[in-house]
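Subject: Structure handover

Hello,

Here is the structure we talked about. Please load it first, then read the notes below.

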Amino acid sequence: MNKKIKLATLLTALFLSASVMAADWDSKAVYTAGATVTYQGKNWKAKWWTTGEIPGGTQWGPWAIESNPVPTASPTAIPTATPTTSPTAKPTATPTAIPTATPTVKPTATPTAIPTATPTVKPTATPTATPTATPTATPTPGGNTCAQVWNPDEIYRPNLGLVIRSAYGKNYQANYYSSNIEPSANSAVGGAWKALGACTGPSTPRASGPETLAEAQAHEAAAISTPYMQMIRASVATLDNKLVEQVTPGNQSNPANVKRVEGIVSQQQWNYFFPEANPGYTYTNFLRGVAKFPSFCADYSDGRNADQICRRVVAAFFAHVVQETGNHSASSPNPKWRQGLTALREGGDGKGSEAYSSGCGDVNWQKQFDGTLACGKNPDGTWISYYGRGAHQISYIFNYAPLSLAIYGDRAVLRDNPDLVASTWLNMASALYFFVTPQPPKPSVLHTLDGTWVPNATDIAGGLGNDFPTTSQIINGECMSNPIKPTAQARNNFYVEFARELNLDISKESMKCTDMKSFSGGSSAAVAIYWNKSEETADNPAPIKYQCRLTSEQSGFSALIDNQYTQCVEAKWAVKLK
């Protein structure tokens with residue numbers, strides 16, 4: 001009895017010592033191949049790069065179980081014969097000729113939850129006595145038959161099995177999520193692809209027909225799983241409108257970013273800054289606009305001074321707002337920097353602005369965004385005019401549609417009721433939307449000012465950097481002239497005035513606004529954030545039918561908003577995914 005107790009105690013101690021070696025799984029952490037974590041009393045090892053994916057959450061996921069709560073004293077000499085999810089009636093008479101791509105160092109006491117790297121789609125009811133002569137649809141690693149051809153616009157997801165693709169007469173195995181990473185250039189250990197050797201014969205063609213709804217959702221999830229895309233999506237995340245409309249000055253339940261702004265700009269300061277404002281622009285509307293976009297004046301976890309950054313972005317926001325909506329009158333008793341927010345609607349009432357609906361009769365224009373009518377109509381049958389409204393004076397349907405999608409999750413709201421941008425808190429939120437949203441190849445104004453965007457050599461050579469003049473270049477390219485344009489100089493002047501009023505030291509900031517280059521495809525901000533139809537173009541010679549691909553060319557389908565991939569496929573290919 002003593003021996004049994006001692007043995008049990010020893011096994012328990014061994015298990016506990018193994019368990020504490022791995023940290024608890026963190027849904028926000030990024031794990032690379034080989035990283036280990038503890039989740040629900042078990043140890044797990046990452047097979048490839050992953051973040052936010054629960055260990056054991058999916059059968060084909062990125063985590064492999066390493067230990068169980070009650071392991072045996074020593075591993076069994078022979079692993080179980082049936083590691084597949086549904087065991088066959090009888091193990092094969094001889095082992096399969098092809099081993100797993102990465103055999104485990106020690107077999108576990110019980111079958112692992114993750115099957116072999118290239119499992120068959122369905123196990124046979126009665127396995128054959130010897131391995132079949134014909135390979136499965138996905139060639140086995142190291143085989144001589146070329147796999148499905150690699151495509152730069154396809155998202156490769158190893159959680160659907162260790163994907164194998166062919167390029168340049170060789171087969172490659174996917175190590176982790178990747179898109180537009182060429183196998184021949186990334187075949188080293190730890191890269192996106194692992195070289196399996198030369199292959200012969202034609203590559204397996206893609207199956208005809210559209211994806212299933214589940215496949216489309218997995219496609220989208222893989223594309224937005226990169227750390228950079230997650231960071232961009234977080235910067236444009238929005239607060240529910242019902243909560244936004246509860247925001248009032250001094251309300252203790254206001255969101256944290258709103259309280260920070262209230263601590264920097266009071267109601268009294270607002271009244272002083274904008275004495276000539278249209279009554280539609282209120283301090284409450286400003287705070288609600290801030291609430292809608294939590295990234296504006298948010299906290300930072302990397303040591304950046306959130307309060308100082310908030311002063312900077314507010315000063316810059318006000319400077320641009322004054323230039324867009326100010327009186328700019330020399331006869332006013334107020335200096336020009338205090339003449340902002342006078343224009344609520346373009347031209348006072350928007351009359352005479354039919355030009356902003358001139359493209360609505362064009363079929364291609366109409367279908368540019370959602371595959372249906374993009375412009376709305378008045379009761380008399382004429383096109384609605386999408387003239388400038390709000391603090392950013394946004395114009396045209398191609399600005400109203402994505403703004404509507406961001407605010408309401410529906411393009412039709414502002415398509416049919418564009419004046420909401422003038423008559424509600426959207427008169428400020430619309431300007432803040434453009435402040436926090438990137439416009440590839442240009443970064444967002446927010447990320448330019450708070451340092452999240454890091455310019456590369458191309459940007460620096462063009463005079464673009466983390467300064468206020470670069471934000472003018474983002475808005476309308478005003479800093480390309482020499483000498484400086486009067487409007488660009490006015491923006492600089494306004495920024496200086498607001499910085500002083502908000503106790504922001506900008507003495508070390510560059511205010512150079514001449515000879516800048518425009519943002520180009522070589523910029524570090526030239527990222528693909530839109531879904532568009534995968535069709536043959538110069539940069540996409542092998543399109544995939546019934547799919548959409550990520551591009552930097554603006555479309556009505558944003559990868560920054562959930563479920564847009566499916567909508568793109570259905571709209572662009574005229575199919576219904578099931």
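A salt bridge here is a side-chain nitrogen of Lys or Arg within 4 Å of a carboxyl oxygen of Asp or Glu. By that criterion, the structure holds 14 salt bridges. Bear in mind that this is a predicted model.

Overall picture

The protein chain has 578 residues, and 44% of them count as buried. Its secondary structure comprises 18 helices and eleven strands. Take the contacts between residues at least 6 apart in sequence: 62% of them join residues at least 24 apart.

Salt bridges

Side chains of opposite charge can pair when their charged atoms come close. Several cases follow.

Asp 419 pairs with Arg 389, and their closest N and O atoms are 3.1 Å apart. This pair links distant parts of the chain, 30 residues apart. Asp 419 sits in the loop between helix 11 (412-416) and helix 12 (420-423). Arg 389 sits in the loop between helix 9 (363-366) and helix 10 (397-408). Are the two partners buried or exposed? Arg 389 has 4% relative accessibility, so it counts as buried. Asp 419 is at 26%, so it counts as partly exposed.

Arg 415 and Asp 416 also meet through their side chains, at 3.0 Å from N to O. Arg 415 has a relative accessible area of 19% and is therefore buried; the cut-off for buried is under 20%. Asp 416, at 36%, is partly exposed.

There is also a network: Arg 260, Asp 299 and Asp 307 are joined by salt bridges that share partners.

Asp 302 forms a salt bridge with Arg 304, again with the closest N and O atoms 3.1 Å apart. Arg 304 is partly exposed, because its relative accessibility is 26%.

Asn 285

Asn 285 lies in helix 7 (residues 283-292). Its relative accessibility is 11%, so Asn 285 counts as buried. What does its side chain reach? The side chain of Asn 285 comes to 3.1 Å from the backbone oxygen of Gly 280. Leaving aside residues up to four places away in sequence, Asn 285 touches Gly 280, Thr 424, Trp 425, Asn 427 and Met 428.

That is the handover.

Best regards

How values were computed
Residues numbered from 1 in each chain as written. Predicted model: local features only at pLDDT ≥ 70, side-chain atom pairs only at ≥ 80, totals over all residues. Heavy atoms only, no water. Helix = DSSP H or I, 4+ residues; strand = E, 2+ residues; numbered from the N terminus. Buried < 20%, exposed > 50% of the residue type's maximum accessible area, 1.4 Å probe, protein only. Contact = heavy atoms within 4.5 Å. Polar contact = N/O pair within 3.5 Å; in protein donor to acceptor, adjacent residues only side chain to side chain.
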